[in-house]
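Have the viewer open and follow along.

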Amino acid sequence: MSMKFLVVDDSGTMRRIVANSLKNLGYDSIVEAVDGKDALAKLAADDTISFVITDWNMPVFTGLELTKAMRADAKYMKMPILMVTTRGIKEDIIEALQAKVNNYIIKPFTPQILKEKIDQILAHVQ
Amino acid sequence: MKNINMSQLFEKLSDIKALFQYGQKIVPVLQSLVDFMQDTGPLLENINHSIAESTAKIPRATDQISNVTNATELATTEILDLVDVISNSLNNIESLLKELISTENKKNEIYEKLSILLAGNPEAGELLKQYNEANITIDSIGNIIQYFPKIKDDTYNITLSLQVQDITSQQLASVTHLIESVQDRLAKLIRDIDDADLKSPALPGPPVNFTAPEGATFDPNASYDKSSDRQDMINDLVQKENMKASQDEIDKLFS
């Protein structure tokens, strides 16, 4: 599949687990970023990135800040963003949805949930 | 009149006597109070010293927690590396076995041709049959290959279980933050005791903050919960939010 993913997480373990899961789903084109600021730099440097999977709690620039920054930029306004985080409090989820993430997954995630959410987002976007 | 004055005088003397008797009783109590006050000084000094000592040890405790986080991250990386090696080996073995099946198919074709050619030579035909029976059959290779998806799933599940490292590291970061908050309070307490001239009582400070500070890189409520309850709640919220968005879009069309 030609879609290129940007996986954003300060935990190297999580980046690797998400990347492995994407490869298992047939998505081989993956770029990684260690925080929101790094993610914005990777997005600016690579026009072929078409899907962002981001953690929330990260140093420098959080996943929520990244989402808000992307939605404020016409270039990334419609780009799919999937939040994968430990934050499971209702208020947090609503805040993320209001910041316009396309969907939300709680850690620990299963490959079935990841596939389901990616498919839902792509179906909605296309 | 004199009699009345005398009786009043005796009453006063009796009161004074009672006062002295009471005084005799109260002196030891006052003495013990003074002794207690004298003992309290070193005790307070000890408490102050203990707090200072505990406060000094806190950075070591947070360092140890940080070491645990680093060690588990390193161990997790090693496990992930090994799982990758196993997965690659499995893929290589599977490819080799599939090549073997292809080779066996070619050998079978040759066997069929040789059987026809050696039809006039029963001895050679029998030897060829024995040779073919001694070979690995395609079925047995197929039986081995069918275990591969299960083994691959199991190795992938090991990878997924390692999400626990990220979650526990956030829990440990939360504990570190809590310890540091306690350290701040203890340090303030020591300052208050040292500065105290007993002019005014030290006011209690704000409660120790158990929640994540602004910009925290951890979730204080992180938990390794594999039940689907929380994800179900999220799915409901996402669905409601999407429905709300759709309604907004419909409303825009009619406005």
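## Before we start

What you're looking at is a predicted model, where local features need pLDDT of at least 70, side-chain atom pairs count only at pLDDT 80 or more, and totals for chains, interfaces and linings use all residues. Residues are numbered from 1 along each chain as its sequence is written, while chains are lettered from A and ligands numbered from 1 in the order in which they are written.

## The overall fold

Chain A has five helices and five strands. Go along the sequence and you get β-α-β-α-β-α-β-α-β-α. The radius of gyration of chain A is 13 Å, close to the 14 Å that the globule rule gives for 126 residues, so chain A is as compact as a globular protein of that length. (That radius is taken over C-alpha atoms, and the rule is 2.2 Å times the number of residues to the power 0.38.)

Of the 126 residues in chain A, 48% are buried. Here "buried" means 20 or more other C-beta atoms within 10 Å of a residue's own, "exposed" means 12 or fewer, and "partly exposed" is in between, with C-beta atoms placed from the backbone. As for contacts in chain A between residues at least 6 apart in sequence, 58% join residues at least 24 apart. A contact means that the two C-beta atoms, placed from the backbone, lie within 7 Å.

## The sheet

The five strands of this open sheet run in the order β2-β1-β3-β4-β5 (chain A), with parallel pairing. Two strands count as paired if DSSP finds at least two bridges between them. At the edges stand β2 (29-33) and β5 of chain A, each with a single partner strand, so one side of each has no neighbour in the sheet. On average, neighbouring strands are turned by 25° against each other, direction ignored.

Helix α5(A) lies across β4 and β5 of chain A, at about 175° to β5(A). For these angles, axes are lines fitted to C-alpha atoms (for helices, over the stretch in contact), and values run from 0 to 180 degrees between N-to-C directions.

Back to α2(A), where Gly36(A), Ala39(A) and Leu43(A) are buried. Seen down the axis of α2(A), its buried residues fall within an arc of 50°, so they line one face of the helix. (The arc is that of the directions from the helix axis to the C-beta atoms.) They pack against β1, β2, β3 and α3 of chain A. On the other side of α2(A), Ala41(A), Ala44(A) and Ala45(A) are exposed. The axes of α2(A) and α3(A) come within 8 Å and cross at roughly 35°.

## Where chain A meets chain B

How many residues does each chain bring to the contact? Chain A gives 27 residues and chain B gives 28 residues. On the chain A side, α1 (12-24), α4, β5 and α5 each give two or more residues. The largest share of that side, seven residues, comes from α1(A).

A cis peptide bond joins Lys107(A) and Pro108(A), with omega at about -5°. Pro108(A) is in the loop between β5 (103-106) and α5 (111-125) of chain A.

Two residues have positive phi without being glycine. Val60(A) has phi near 70° and is in the loop between β3 (49-54) and α3 (63-71) of chain A. Val60(A) is partly exposed, with 13 other C-beta atoms within 10 Å. Lys100(A), with phi of about 80°, lies in the loop between α4 (90-98) and β5 of chain A. Lys100(A) also counts as partly exposed, with 16 C-beta neighbours inside 10 Å.

Terms used. Helices (H or I, at least four residues) and strands (E, at least two) are DSSP runs, numbered from the N terminus.
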